[in-house]
Amino acid sequence: MTASTAIPAAQIEGLDKEFGSVRVLDRINLTIPAGRVTCLIGPSGSGKSTLLRCLAMLEEPSAGIITIGGRPLGYAMENGKRVKLTPARNREVHSQIGMVFQQFNLWPHMTALGNVSEALTTVRGMSKAQAKEIAMLKLTEVGLAHRCDYYPAQLSGGQQQRVAIARALALEPKLMLFDEPTSSLDPELTGEVLNVMRKLAEAGMSMVVVSHEIGFVASVASKVAFLDQGRILLDGTPQEVFAKPRHPRLAQFLDTYLDREAVMLA
Amino acid sequence: MNFDFNLVAGYLPAIGWAALTTIGLWIVALAASIVIGLAIAVARLHGGLLVEAALRLVVEAIRGTPFLIQLFLLYFGGPFVGLTMERLPAGLLALSVFGGCYMSEVFRTGIRAVPRGHIEAAECVGLDRWQILRRILLPEMMVLVLPAGTNIAVGLIKETAVLSVIGVPELTAVISGIGSETYAFVEALTLLSLCYWALVEICARLGRLAEQRLSLYRFAA
């Protein structure tokens, strides 16, 4: 494939993140192509979740610039200096990003419908009826319209995660971030969440997925980045990254998955 | 001397009024405690270091001294600094501040107990700090603190008895007055204890009922 001239969904340049004296991300450069799925893989503590959280503005990068659809997020280069953007300047760019968490993080005191429509009424200022209409549409998309009046405690883990996806989709994001979305689900429930994500990918959503589901990564991702100790060791198409002979660190990492679905890659 | 409830039976209407007074005091003081407690808790969490230090001092002082002394200081000491109050407002103010300080500690730990991820999820969909407080933190916290809050509400019922020392005509003042008149102290005080126990029991039941109702919103995780 030739280099696309289209604006990437996100561009990460020279990103550092330090927690105290510990450098969690080390000069990360990564392009997130629009309309494609980019997967971040790597061992625990490699920095992949932190990288995703920087994209979601849940962590503040120590250095570097992130742009979303060509527009700066959090920090911008102005006259050769890195300056922090005001919340007002960030709002619009930030609103184009949807985030899905490993722990779902649904609000327990609101129904599925309440969770999905909350930001529509509180942030976007829509009427209840208008918000409900959109929320029901999104719940239908994840196959949970019939559970709209259920509270999170009444839903299975997989259903909760699908509601969480609908909650993020309700704001019509341009980029969806998934932080180990199936890691706290058992294999049976994992499937229903991955199916929703697959459908989203087929519809052309730009996605960044941190995942240990190597099978899903290999089949859905257009781009894979392998992180180790805060650096991107490899990135490219799944074919390139998983091609043999493999980078020794990646081989070592994949070995731990051989008894799981990574068998198909062996 | 025989135990004879009939000695106090003639005073039932007066006792009824006193019971209503106690319940009224309790409801007003409880409502005010919740408002004061919320204000203190939110101010301590969001108000910066100076506000936090000042409010911590107030809460520690109130929690570290007997309510009786606080009431005396307000009612008898107040006039020295130009704060002269009637019995009822003085008693209610003292009781509300006392309850509010205890409530604030429960609310503060409750707010802290809301999972960080629930707040992050709200930040991600664009809620601001105030919206997160109003829509996520406070409602979730209320469910979490219900058992501890009920405890304080129950304690507050019994604390209303202290207001008798400045002459607020509530249960303790009225019934011990009857005891003095009839010399039937044991009967009067037994009746008094039963009255408080009944009130406490009702309050605890209401608390448990609310807990059951709200259990749906509670997370097993």
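**View 1. Strands β1 (residues 10–19) and β2 (residues 22–32) of chain A form an antiparallel pair joined by seven bridges.** Here, helices (H or I, at least four residues) and strands (E, at least two) are DSSP runs numbered from the N terminus, and two strands pair if DSSP finds at least two bridges between them. Glu18(A) has Arg23(A) as its bridge partner in β2(A). Two residues lie between the strands of this hairpin, where Gly20(A) adopts a positive phi near 65°.

A word on what you are looking at: this is a predicted model, in which local features need pLDDT of at least 70 and side-chain atom pairs count only at pLDDT 80 or more, while totals for chains, interfaces and linings use all residues. Residues are numbered from 1 along each chain as its sequence is written, with chains lettered from A and ligands numbered from 1 in the order in which they are written.

**View 2. Six strands of chain A make an open sheet with mixed pairing.** Follow the order β8-β9-β10-β3-β11-β12 from one side to the other. At the edges sit β8 (97–100) and β12, each pairing on one side only. On average, neighbouring strands are turned by 15° against each other, direction ignored; the axes behind such angles are lines fitted to C-alpha atoms, for helices over the stretch in contact, and angles run from 0 to 180 degrees between N-to-C directions. Within the sheet, β3(A) runs parallel to β10 (residues 206–210) of chain A, and four bridges join them. Leu40(A) has Val210(A) as its bridge partner in β10(A).

**View 3. Gly42(A) sits in the loop between β3 (37–41) and α1 (48–55) of chain A.** Is Gly42(A) buried or exposed? Gly42(A) counts as buried because 25 C-beta neighbours fall inside 10 Å; the cut-offs are 20 or more other C-beta atoms within 10 Å for buried, 12 or fewer for exposed, and partly exposed in between, with C-beta atoms placed from the backbone. Beyond its neighbours within four places in sequence, Gly42(A) is in contact with Lys48(A), Phe226(A), Leu227(A), Asp228(A) and Phe253(A). A contact means that the C-beta atoms of two residues, placed from the backbone, lie within 7 Å. From C-alpha to C-alpha, Gly42(A) and Ala225(A) are 8.3 Å apart, although 183 residues separate them in sequence.

View 4. With 15 other C-beta atoms within 10 Å, Gln229(A) is partly exposed.

**View 5. Chains A and B meet where 19 residues of chain A are in contact with 20 residues of chain B.** On the chain A side, helix α3 (residues 112–122) gives the largest share, three residues. That side has 11 nonpolar, six polar and two charged residues, where Ala, Val, Leu, Ile, Met, Phe, Trp, Tyr, Cys and Pro count as nonpolar, Asp, Glu, Lys and Arg as charged, and the others, Gly among them, as polar. For the complex, the predictor gives an ipTM of 0.90 and a pTM of 0.85.

**View 6. Helix α2 (residues 12–46) of chain B has 35 residues.** From its first C-alpha to its last, helix α2(B) reaches 50 Å, close to the 51 Å expected at 1.5 Å a residue; that expected span is 1.5 Å times one less than the number of residues. Just after α2(B), Gly48(B) takes a positive phi of about 90°. Chain B as a whole has 10 helices and zero strands. Its average pLDDT (the predictor's confidence in each residue, from 0 to 100) is 87, and 95% of the residues score at least 70. Confidence in chain B is lowest in helix α1 (residues 6–9), with a mean of 70, and highest in helix α6 (residues 116–124), at 95.
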